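User: I am new to this structure and would like to learn how to read it. Could you take me through it feature by feature?

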Amino acid sequence: MDTHFQQDWALSCPSCLISAQMEREYVEMALLHYQSALTASKRASDYLIHERGLSASIISEFNVGFCDRSFGRLLPEGESIEGAMARGALQRQGIIKPNGREALRGCITFPVRGPDGQLIDVYGRKIAKYQRRGSAHRMTLFKERCSFFNAQVLNSETKIVLVSSPLEALSLIQLGVTNTVGLLGLNTLSEMMLTQLAKSMVHQVTVIFAAHAAGQRYSNLVCKQLTELGIAAQSYFPEANGDINNMLTTSSAIRELVSHAVKAKSV
C-alpha cells in the first residue's frame with residue numbers, strides 16, 4: 001500500500017525494525033488467508049456464486065476472499081516480538097483495529113491494486129442480510145481513494161467502462177468486457193484517481209451506474225469531470241433502479257448492457 005508508507009522503515013516495537021516490504025508481505029498474507037477462508041465457507045461461496053452469479057474462476061483470478069475473523073488467531077501472541085511485529089504492521093495497514101479485531105470481518109474482500117500491481121487498498125462488502133444499526137455495508141481500509149479496481153487495464157486500454165463497485169466490475173469482466181474498472185462505491189472518484197486517468201492511455205470512458213436518481217446525478221458529474229480532462233465520456237444506465245450485478249443474476253437485459261459495453265470497447 002505504497003501511498004500510506006511514510007518512510008521506508010517503520011518502528012513496530014521498541015526492540016526491532018520492520019521494513020515497508022515486510023509490511024506488504026504481512027498484508028498479502030492476510031489476503032491469502034481470506035482467499036482460503038472463502039473457499040472453506042459455504043455461506044460466502046454461495047453468496048458470490050449463487051446469489052451474485054460470479055464464477056469460481058473469476059473469483060480466483062482477482063483473489064477475492066472472505067474475512068471470517070480467523071486470521072488473528074493464526075498470529076503469534078502479541079506479547080512476543082514476532083507477534084508485536086505482525087500485529088503492529090497489520091494495524092498500521094488497517095487490517096487489524098487497535099482493539100485487535102479484523103477491520104473487514106464478515107466481508108467479502110476485493111484487493112485493490114494500482115496500475116503497477118502494488119496493493120493500494122482492500123474493498124469489503126458485508127454478506128449478512130441484516131446489519132447492526134449504524135454499521136457500514138461496504139467499506140475500505142483507507143478513506144483516501146487512490147485507485148480503481150482493475151486499474152491495471154489503464155496501462156493498455158484507450159477505452160474503458162467505469163462502474164461503481166468491484167462486484168459490478170467483475171460482473172462485466174466475467175462476460176468478456178475486460179476493460180472495465182470499478183470505483184470503490186458511488187461518489188468515490190477522487191482527484192488522485194482523475195489524475196491517474198489523465199496520465200493513462202485512456203481517451204474514452206463509458207460510465208455505467210445504477211439508474212436510480214443518485215446514480216444518474218453522479219454519472220453526470222463524472223462525465224463532466226472527465227470531459228474537463230479532455231477525455232470523451234458518455235453515460236449508459238441499466239434498467240430502472242437496477243445495477244449491473246442484479247441484472248447478471250435476474251435479467252436478460254444484461255445482453256443489451258454487455259452489447260453496449262462491448263461497442264464502447266471496440267469503437
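User: Which strands does helix H7 lie across, and at about what angle does helix H7 run to S10?

Analyst: Keep in mind that this is a predicted model. Helix H7 (residues 213-228) lies across strand S7 (159-163), S9 and S10. Its angle to S10 is about 170°.

User: In what order do the strands of that sheet come, and is the pairing parallel or antiparallel?

Analyst: Strands of a sheet pair through backbone hydrogen bonds, either parallel or antiparallel. Here four strands form an open sheet in the order S8-S7-S9-S10, and the pairing is parallel. Strand S8 (180-182) and strand S10 (232-236) are at the edges with a single partner strand each, so one side of each has no neighbour in the sheet. From one strand to the next, the twist averages 25°.

User: How many bridges join S9 to S10?

Analyst: Five bridges join strand S9 (residues 204-208) to S10. To place the pair in the model, look at Val-207, which stands opposite Ser-235 in S10.

User: Which strands make up the open sheet with antiparallel pairing?

Analyst: That sheet has four strands, in the order S3-S4-S5-S6. Strand S3 (65-66) and strand S6 (138-140) are the edge strands, and each pairs on one side only. Strand S5 (residues 119-126) is joined to S6 by three bridges. Gly-124 has Met-139 in S6 as its bridge partner.

User: Which helix lies across S3, S4 and S5?

Analyst: Helix H2 (residues 42-51) does, running at about 65° to strand S4 (107-113).

User: How do helix H1 and H2 cross?

Analyst: To read a helix pair, take the distance between the axes and then the angle. The axes of helix H1 (residues 20-40) and H2 come within 5 Å and cross at roughly 85°. H1 and H2 are therefore roughly perpendicular to each other. On the H1 side, Leu-38, Thr-39 and Ala-40 take part; they meet Lys-42, Ala-44, Ser-45 and Leu-48 in H2. The residues of this contact are four nonpolar, two polar and one charged.

User: How many salt bridges are there?

Analyst: The count comes to four salt bridges. One of them joins the side chains of Glu-23 and Arg-92, at 2.6 Å from N to O. This pair links distant parts of the chain, since Glu-23 is in helix H1 and Arg-92 is in helix H4 (residues 81-92), 69 residues apart.

User: Is Glu-23 buried or exposed?

Analyst: Glu-23 is buried, because its relative accessible area is 3% and buried means under 20%. Arg-92, at 32% relative accessibility, counts as partly exposed.

User: Where do Asp-46 and Lys-42 lie relative to each other?

Analyst: Asp-46 and Lys-42 are four residues apart in helix H2, so about one helical turn separates them. Their side chains meet in a salt bridge of 2.6 Å, N to O. Lys-42 is exposed at 63% relative accessibility, while Asp-46 is partly exposed at 23%. In helix H7, Glu-228 and Lys-224 are likewise four residues apart, and their side chains form a salt bridge of 2.7 Å, N to O. Glu-228 counts as exposed, at 57% relative accessibility.

User: Where is Ser-147 found?

Analyst: Ser-147 is in the loop between S6 and S7. Ser-147 counts as buried, at 1% relative accessibility. Leaving aside neighbours within four places in sequence, its contacts include Val-112, Ile-120, Leu-184 and Gln-196.

Terms used. Residues are numbered from 1 along each chain as its sequence is written. This is a predicted model: local features need pLDDT of at least 70, side-chain atom pairs count only at pLDDT 80 or more; totals for chains, interfaces and linings use all residues. Side-chain values use heavy atoms; hydrogens and water are left out. Two strands pair if DSSP finds at least two bridges between them. Helices (H or I, at least four residues) and strands (E, at least two) are DSSP runs, numbered from the N terminus. Contact means heavy atoms within 4.5 Å. Axes are lines fitted to C-alpha atoms, for helices over the stretch in contact, and angles run from 0 to 180 degrees between N-to-C directions. Angles under 35 degrees count as roughly parallel, over 145 as roughly antiparallel, 65 to 115 as roughly perpendicular and the rest as oblique. Ala, Val, Leu, Ile, Met, Phe, Trp, Tyr, Cys and Pro count as nonpolar, Asp, Glu, Lys and Arg as charged, and the others, Gly among them, as polar. Buried means under 20% relative accessible area, exposed over 50%, partly exposed in between (1.4 Å probe, protein chains only).
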